[in-house]
Amino acid sequence: MKIELHKDWTLAHFISYIAAITAVLLGIQLVIQIIMFRPVGMDFPVKFTVEHSDQPGSITRDGFIFLPGHQQEGRLIVTEAENRPGIHSFLLAIIKIIETGMFILCAFLVWRIFRHVARNQPFSRGNYKRLYVIGWIFIFAEIFAFGRAMYIEWLAFDAFAHDPFTLVRTTGDFSNLLIAGIVIIVIGYVFKEGHRIYEEQKLTV
Amino acid sequence: MAIIVNLDVMLAKRKMSLTELSEKVDITISNLSILKTGKAKAIRFTTLEAICEALDCQPGEIFEYQKEA
């Protein structure tokens, strides 16, 4: 069976359009986030582990932590310190904006990569550099998410200081994006080598 | 690069234009220009054979090694 790659570029066109639309939608979301910027309340998924002294083992259940600290039904509330009103929510809102910005950049770079692929130039000089940037963004996003989780756990630690039997842990696996980032960087190296071979081939008479 | 391409010298000796050579060896003028200006990274044996045949010369007459200073 003969595989003709150049006939498959329509898929690259499709992915480039999807990436462009995603970048635009995320851009609109970012603009709205900036215009409507205020440290509003946010729910953060967590796991509560309650250790009972009279029973063996511990009970773990899913829950939410709501920031900032005003009373709301059905949620476990973390109150903010009186002398720093809104600072935690403010920081978390800023982190959310930065995260959105990083993913806009990712979508934009994916659009550029697939536009080159669609034009039958997958091994262009820019593509491997874009892949490196996407890989590093993924790694930083994971570090960011981990930092945010630690921050929320720190807030929860303060809130549950009176209850030594309850341990609050943020949910989520913090290795997925990290592994994806490393894989993308490796693909970037492959594209760099591809670019070198392509350039050499172009200058072979 | 330490390899000097003397294609223009050979063309002048044979009183042949680049267009004529490109027609004889069936290689585009742009590719021959890359070779003539020394920008080429590699040359295929088939291309070299065709050029040598068209110019009635040896590979050593087209290429020359010069130590870089």
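**Reading a two-chain contact**

Visitor: How many salt bridges cross the interface of chain A and chain B?

Guide: The rule finds zero salt bridges there, the rule being a side-chain nitrogen of Lys or Arg within 4 Å of a carboxyl oxygen of Asp or Glu. Bear in mind that this is a predicted model, where local features need pLDDT of at least 70, side-chain atom pairs count only at pLDDT 80 or more, and totals for chains, interfaces and linings use all residues. Residues are numbered from 1 along each chain as its sequence is written, chains are lettered from A, and side-chain values use heavy atoms, leaving out hydrogens and water.

Visitor: How much area do chain A and chain B bury between them?

Guide: The size of an interface is often given as the accessible area lost when the parts come together. Here the two chains bury about 710 Å², 65% of it on carbon and sulfur atoms (accessible area, 1.4 Å probe, lost on being put together, summed over both parts). Leu203(A), Thr204(A) and Val205(A) supply 85% of the area that chain A buries against chain B.

Visitor: Which residue of chain A has a positive phi although it is not a glycine?

Guide: Most residues other than glycine have a negative phi. Asn120(A), however, has a positive phi of about 70°. Asn120(A) is partly exposed, at 42% relative accessible area (buried is under 20%, exposed over 50%, partly exposed in between; 1.4 Å probe, protein chains only).

Visitor: And is Asp56(B) buried or exposed?

Guide: Asp56(B) is exposed, with a relative accessible area of 62%, and its phi is also positive, near 50°.
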